[in-house]
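Please read the points with the structure open.

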Amino acid sequence: MSLRWLTTALLMTAAAVAQAQVPTGEALARAAGIPWPAVIAHRGASYDAPESTRASYLLARELGADYLEMDLQRTRDGQLIALHDTNLGRTTDIATKFPEQKDQPVNQFTLAQLKTLDAGSWYNKAYPDRARPAYAGLKILTLDEIIDLADQDPARRPGLYIETKAPLLFPGIEKELTAKLIQRGWLTAAGEVAPGHRLVLQTFEKGSLTLLNQFMPKVPKVLLLWIGEGSIDPASPAAYNPASGETKAAYYARQQPRDHAAFEQWLDFAKANGAVGTGPSAALTQGGDQSYMDLVQPWMNQLTHAKGMLVHVYTVDDPVDYQKVMAAGVDGIFTNRSSELLKFYHRPASRSVPEILQANGY
Ligand code: G3P
Ligand code: CA
């Protein structure tokens with residue numbers, strides 16, 4: 001063998017050894033007690049029912065999603081609730097019930113006030129082809145009520161995948177969440193996830209990750225990724241210009257990290273602060289208002305795995321995109337359409353969406 005061939009053979013062997021040392025996402029998920037690939041029901045089964053309501057979470061549970069995803073916020077009187085937006089305009093009738101306060105954030109309302117709101121009728125208007133009369137009048141849910149739903153059926157016990165949403169508005173929420181999870185038996189006194197339960201904590205905010213890790217060091221945590229202020233530095237600082245005619249999805253799809261180091265910094269922060277994984281955004285084939293930056297490029301997922309963390313991408317609903325992100329190396333998907341993702345993963349639900357909804361009074 002010539003010296004040149006010997007050198008080439010040695011280099012190839014070294015590359016193979018290096019590759020073999022990178023853990024697979026499946027192995028990382030197993031080590032963290034997380035199903036692989038994971039089906040994370042984003043705000044419940046929120047394509048088929050109003051997001052973050054009983055109908056949405058119950059449907060996700062009955063379909064067989066691994067996790068019910070929720071955005072945690074706090075009322076004026078200190079109750080933990082699930083709501084995505086920081087105000088109530090998009091998903092409730094706040095403008096009718098509290099017209100003077102319609103633009104105020106959630107933390108300006110008591111739970112009793114929030115419970116007067118209709119969190120379902122907006123969906124019937126927005127999606128008439130999926131509307132159901134029983135959705136009208138659905139309520140905003142507390143964390144306690146979502147825990148009740150997750151605990152209710154021993155045959156189907158989904159995990160919770162809880163995001164501290166806008167945590168700067170809710171100082172102390174990480175500690176309160178810890179106390180609630182202990183009180184409800186989801187965490188042991190030693191801070192472990194209780195047997196029979198599945199739990200992941202998630203946040204976009206570095207400070208909140210640090211606090212979650214301080215109070216719940218033994219619970220799996222995920223740092224959500226984004227490009228822009230307070231997140232990964234962009235290659236171009238140009239802000240979105242609606243007058244350009246470009247869609248927001250197209251603008252987001254053009255965004256890239258400033259360089260590899262800007263992306264890697266976030267991985268290193270996540271790892272150093274107890275995260276078992278990252279939650280990057282995806283650019284969707286059809287665009288739409290949940291189509292963001294492509295942060296699941298193969299090199300990004302490989303680097304994340306090489307650092308010993310798994311990847312859960314948000315928020316993907318279309319089989320074309322399921323295929324793309326899985327081929328790029330992700331380990332689970334936040335989806336509004338758990339029914340479709342379960343089919344894609346060859347774990348179809350035993351009943352259809354309409355059958356489950358009808359059987360449960362919707
Ligand atoms: O939590 C993952 C994903 O839900 C993040 O996006 O805005 O839907 O909470 P968002
Ligand atoms: Ca979320």
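1. A cavity here is a set of grid points, taken over the protein atoms alone, where a 1.4 Å probe fits but cannot get out, and its lining residues have an atom within 4 Å of a point. The model is predicted.

2. How many cavities of 30 Å³ or more does a search of the whole structure find? The search finds one. About 60 Å³ of space lies in the largest cavity.

3. The lining of the largest cavity is made up of E51, S52, T53, A82, L83, H84, T91, T92, A119, K139 and I140. By type, this lining divides into four nonpolar, five polar and two charged residues.

4. Ligand 1 is found in the second largest pocket. Around ligand 1 stand H42, R43, E69, D71, H84, E163, K165, Q202, F204, L224, Y314 and F334. This shell holds five charged, four nonpolar and three polar residues. Note that H84 belongs to the shell around ligand 1 and also lines the largest cavity.

5. Which side chains have an N or O atom at a stated distance from an oxygen atom of ligand 1? For Q202 the distance is 2.6 Å, for H84 it is 2.7 Å, and for E163 it is 3.0 Å. On its own, ligand 1 has 280 Å² of accessible area, and the protein covers 94% of that area.

How values were computed: Residues numbered from 1 in each chain as written. Chains lettered and ligands numbered in written order. Predicted model: local features only at pLDDT ≥ 70, side-chain atom pairs only at ≥ 80, totals over all residues. Heavy atoms only, no water. Near = heavy atom within 4 Å. Polar contact = N/O pair within 3.5 Å; in protein donor to acceptor, adjacent residues only side chain to side chain. Areas by Shrake-Rupley, 256 points an atom, 1.4 Å probe, with all protein chains shown as cover. 1 Å grid on protein atoms, 1.4 Å probe; cavity = no way out; pocket = protein on both sides within 12 Å on 5 of 7 lines; lining within 4 Å. Sits in = over half its atoms within 2 Å of the grid points. Nonpolar A, V, L, I, M, F, W, Y, C, P; charged D, E, K, R; others polar. Points joined across faces, edges and corners; volume = space filled by probe spheres on them.
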